[in-house]
Amino acid sequence: MLHPWIAQRTTTFDSSGIRKVFDLAAQMKDPINLSIGQPDFDVPEPVRLACIDAIQSRKNGYTLTQGAPVLREKLQQRVDAEFGHADRKVFVTSGTSGGLVLTMLSLVNPGDEVIIFDPFFVMYQPLVSLVGGKSVLIDTYPDFRIDLNRVADAISPRTKLILLNTPANPTGVTATAAEIEGLAKLAAERNVALLSDEVYRAFCYDEPFLSPAKFNEQTIVMDGFSKSHAMTGWRLGFVHGPAAVIDTMIKLQQYTFVCAPQPVQWAGAVAMDVDVSLYLNEYRRKRDLLYDGLSDLYELIKPRGAFYAFPKAPWGTGAEFVAEAIRNQLLIIPGGIFSQRDSHFRLSYAADERVIERGIEVLRKLAKRQASS
Ligand code: PLP
């Protein structure tokens, strides 16, 4: 029964299923862990040193709500150089997640609809519920492509926002240039806000990253340092979009997150100059290792970005298959956590190659077990 102090709004969603998998992992001895949603490389050394230096030189107080000038101005220059939009303003957030929370609070009225592509990142639906909005899911199985006609049909007078995430968690799929341009133009035509979650933009293996903001000046972009620089625990992100929307988000940040940690912001300014292409090449190799190791036995769309793959379970539901994988020491995430369907599972290849190889071995054994029984 609900504790009498607990607000009703918290009851519309469950606690993240990923946490449940992590709790399970804590009890496993030496699991083959392909469940983790963060890079396996360390924060680059110049970035670590910059953070230490900031702390030691007493840069430990609050910053301006919109971000320390050392970082915010550098981000603004980069955004201006990339997009050249007159009205595009950037501010610094507490991770990409902080930006997502502030976007929902700033834009979504109770009853407003938010279009989300299924499968989706775990935070999207609960955040929409938290602000009283309604998630409208568009199923993208089996190839995880965006069908613009279906999006056009899903837009109603109550639609406030469309959420795009490319490269995507959990599928690793990148939207095509035609999908990105089409969606951007559709949102503009129908006067719906387009939110582009670009936290994996540093990890595109087969073609350069393309933002819908190139085709729609009103696009609100979420980005951050968590994945590109392995700074998940440092909580540093940024958002850019039309100044009026950004100013509202900054106003709300004043009363919520206040500011991102100051030493981390100084380190972020250094991170912007660190070349991460070395990691990109390493992750491309890992992607190929995983895909080549599984694609003959699994229905698997080749991931072209992020560090995830989303195969279909060869038998049973996603949850049943994952339970059996866990009994075989392999830790992966059931697809139902990211979707209304429970037919797939998520693998993260942000892991040591030896671990990926051991994971492939178990998955090949599990697929054949069913085929031969
Ligand atoms: N967006 C997506 C698609 C993610 O996968 C994640 C983290 O897994 C985030 C946002 C949150 O990132 P951050 O650590 O910057 O809050």
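This report describes the sheets, helix packing, ligand surroundings and backbone features of a predicted model.

## Basis of the description

The model is predicted, and local features need pLDDT of at least 70, side-chain atom pairs count only at pLDDT 80 or more, while totals for chains, interfaces and linings use all residues. Residues are numbered from 1 along each chain as its sequence is written, and side-chain values use heavy atoms, with hydrogens and water left out.

Helices (H or I, at least four residues) and strands (E, at least two) are DSSP runs numbered from the N terminus, and two strands pair if DSSP finds at least two bridges between them.

## The seven-stranded sheet

Seven strands form an open sheet in the order S2-S8-S7-S6-S5-S3-S4, and the pairing is mixed. Its edges are strand S2 (88-93) and strand S4 (134-139), each of which pairs on one side only. With direction ignored, neighbouring strands of this sheet are turned by 20° against each other on average; here and below, axes are lines fitted to C-alpha atoms, for helices over the stretch in contact, and angles run from 0 to 180 degrees between N-to-C directions.

Within this sheet, S5 and strand S6 (residues 193-197) pair in the parallel sense over five bridges, and leucine 161 stands opposite alanine 193 in S6. Helix H3 packs on the sheet, where it touches S2 and strand S8 (237-242), and the direction of H3 makes about 140° with that of S2; contact means heavy atoms within 4.5 Å. Helix H8 (residues 243-254) also packs on the sheet, touching S2, strand S7 (220-224) and S8, and its direction makes about 20° with that of S2.

Strand S12 (residues 345-348) runs antiparallel to S11 and is joined to it by two bridges, with proline 334 opposite phenylalanine 345 in S12.

## Helix packing around H9

Helix H9 (residues 262-271) packs against helix H3 (residues 69-83) at an angle of about 35°, with the axes 8 Å apart. This crossing is left-handed, a term that applies if the near helix is turned anticlockwise from the far one by less than a right angle, with right-handed used if the turn is clockwise. In the contact, Val70, Leu71 and Lys74 of H3 meet Gln265, Trp266, Gly268 and Ala269 of H9, and these residues divide into four nonpolar, two polar and one charged. In this classification Ala, Val, Leu, Ile, Met, Phe, Trp, Tyr, Cys and Pro count as nonpolar, Asp, Glu, Lys and Arg as charged, and the others, Gly among them, as polar.

Helix H2 (residues 45-56) meets H9 as well, their axes coming within 8 Å and crossing at roughly 145°, in a right-handed sense. From H2, the residues Pro46, Val47, Ala50, Cys51, Ala54 and Ile55 meet Pro263, Val264, Trp266, Ala267, Val270 and Ala271 of H9. By class, this contact has 12 nonpolar, no polar and no charged residues.

## Ligand surroundings

There are 13 residues around the ligand, of which Ser97, Asp197, Tyr200, Ser226 and Arg235 come nearest; a residue is near a molecule or strand if one of its heavy atoms lies within 4 Å of it. An oxygen atom of the ligand is 2.8 Å from an N or O atom in the side chain of asparagine 169. For serine 226, the distance from a side-chain N or O atom to an oxygen atom of the ligand is 2.7 Å, and for lysine 227 the corresponding value is 2.7 Å.

## Backbone features

Most residues other than glycine have a negative phi, and most peptide bonds are trans. The peptide bond from aspartate 118 to proline 119 is cis, with omega near 5°, and proline 119 lies in the loop between strand S3 (113-118) and helix H5 (124-130). The bond from asparagine 169 to proline 170 is also cis, with omega near 20°, and proline 170 lies in the loop between strand S5 (159-165) and helix H7 (177-189).

Arginine 58, although not a glycine, has a positive phi of about 65°, and this residue is found in the loop between H2 and H3.

Technical notes:
Polar contact = N/O pair within 3.5 Å; in protein donor to acceptor, adjacent residues only side chain to side chain.
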